[in-house]
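Please open the structure in a viewer and keep the selection tool at hand.

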Amino acid sequence: PRTDIVFLKVHKSASSTVMNILFRFGETHNLTFAFPVGGGNQLYYPHHFLARFVQGFSPRSPQRFNILCHHMRFLQPEVQKVVSSSAVYFSILRNPVQLMESSFMYYKATSAFSRAQSLEEFLSQPYRYYNPASGDRHYARNLMAFDFGFNPDAEVSTKRVHLMLKAIEASFDLLLISEYFDESMVLLKEMLCWDLDSVVFFPLNSRDSNTKATLSASTVEKIKDWNRLDWEIYTHFNRTFWERIDRDFGRERMQREVKALRERQAELARICLQGTGSVAPQDIKDSSLRPLQHGSAKIVGYNIKQGLDKETERMCRRLVTPELQYSSALYKKQFAPKRP
């Protein structure tokens, strides 16, 4: 199994679920994580990543970490200072239409969104609300392009788009697609030579479906237009994603693998979860399993069955522990004071 990994955690793209997979694998195999200095959950985002943002990094004796997966704005020459040269790089993309709808709910307090009553109102006159000079502008436009390190306000020329896609292809071994999350996990498992249980997941940091808005056809077109760089990234890599499946896998094998993944997931849900699945935040009984609530989104979570044996309880708890709690526990473990 591959143990040196860089995951660019793109905002609002099922990336918390991927992070849980990496946390579990890293914890099981005793790997080191490149944590933000002081143990936060972002590597000085929205600044471009620098190696010195990582706890324990020193240019004099460069320590290599196994897994880099916290929120960052990608800058490969700096990333290369903290991971091995053989590290596998991957990221995840989401359709910019759903991504923007999600961002509007989740980042409602940001300068671009706070004064707009609705996403439709924002899109009718974006420059009335959006200021390219404000420090939190990226949440409102081309968020994926921004996370990959590009300028979200750049003009969209054929040449620029071509160079951007080439740069992403040169840096990343695999781009997952959140709309095809199960297929993505199968590809990831294959690339990393991991077993099925390593990529099994319960969706984390997901919104209650009652807070999701339905968008009109004209709103969809406006979102694509406003996020043209993201749309170019997404459509290109969604196409190469399926080309890769056809070339390396075949649709039939992919169907079999996805079926096996879903069956194992259903089995773990029966073993681990109380009820049939996720529950509203107020219904989560164990406060240590309650995800952070943000903006006007309602983030759901899980209840674990009572009376499980210790080993099963630990496995189940890992599957449903929200990102912030898991990250903080792993940080404490990695940087525990050495006993004299």
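Which residue forms a disulfide with Cys272? Select Cys272 together with Cys316: these two form the disulfide, with their sulfur atoms 2.1 Å apart; the term denotes a pair of cysteine sulfur atoms within 2.5 Å.

Before continuing, note that this is a predicted model, in which local features need pLDDT of at least 70 and side-chain atom pairs count only at pLDDT 80 or more, while totals for chains, interfaces and linings use all residues. Residues are numbered from 1 along each chain as its sequence is written, and side-chain values use heavy atoms, with hydrogens and water left out.

**The cysteines**

Stay with the pair. The torsion about the S-S bond of Cys272 and Cys316 is about -70 degrees, so this disulfide is left-handed. The bond links distant parts of the chain, since Cys272 belongs to helix H12 (residues 251–272) and Cys316 to helix H13 (residues 310–320), 44 residues apart. Helices are DSSP runs (H or I, at least four residues) and strands likewise (E, at least two), numbered from the N terminus. Cys272 counts as buried because its relative accessibility is 0%; buried means under 20% relative accessible area, exposed over 50%, and partly exposed in between (1.4 Å probe, protein chains only). Cys316 is also buried, at 0%.

Next, select Cys69, which is in no disulfide; its nearest cysteine sulfur, that of Cys193, is 20 Å away. Cys69 is buried at 0% relative accessibility, whereas Cys193, at 52%, counts as exposed.

**The nonpolar cores**

Now select Leu68, Phe90 and Met185, which touch the most other members of the largest nonpolar core, a group of 98 residues. Such a core is a set of buried Ala, Val, Leu, Ile, Met, Phe, Trp, Tyr and Cys residues joined through side-chain atoms within 4.5 Å. Helix H11 (residues 228–248) supplies the largest share of this core, eight residues. A second, separate core has 15 residues, including Met100, Phe104, Ala140 and Val220.

**Arg94**

Finally, select Arg94, in the loop between strand E3 (88–93) and helix H3 (96–106). Which side chain of opposite charge is nearest to Arg94? That side chain is Glu179, 4.6 Å away, and Arg94 is buried yet has no salt bridge; a salt bridge requires a side-chain nitrogen of Lys or Arg within 4 Å of a carboxyl oxygen of Asp or Glu. Lys and Arg count as positive, Asp and Glu as negative; His and the chain ends are not counted. Show Lys12 as well: its backbone oxygen lies 2.8 Å from a polar atom of the Arg94 side chain.

How values were computed. Polar contact = N/O pair within 3.5 Å; in protein donor to acceptor, adjacent residues only side chain to side chain.
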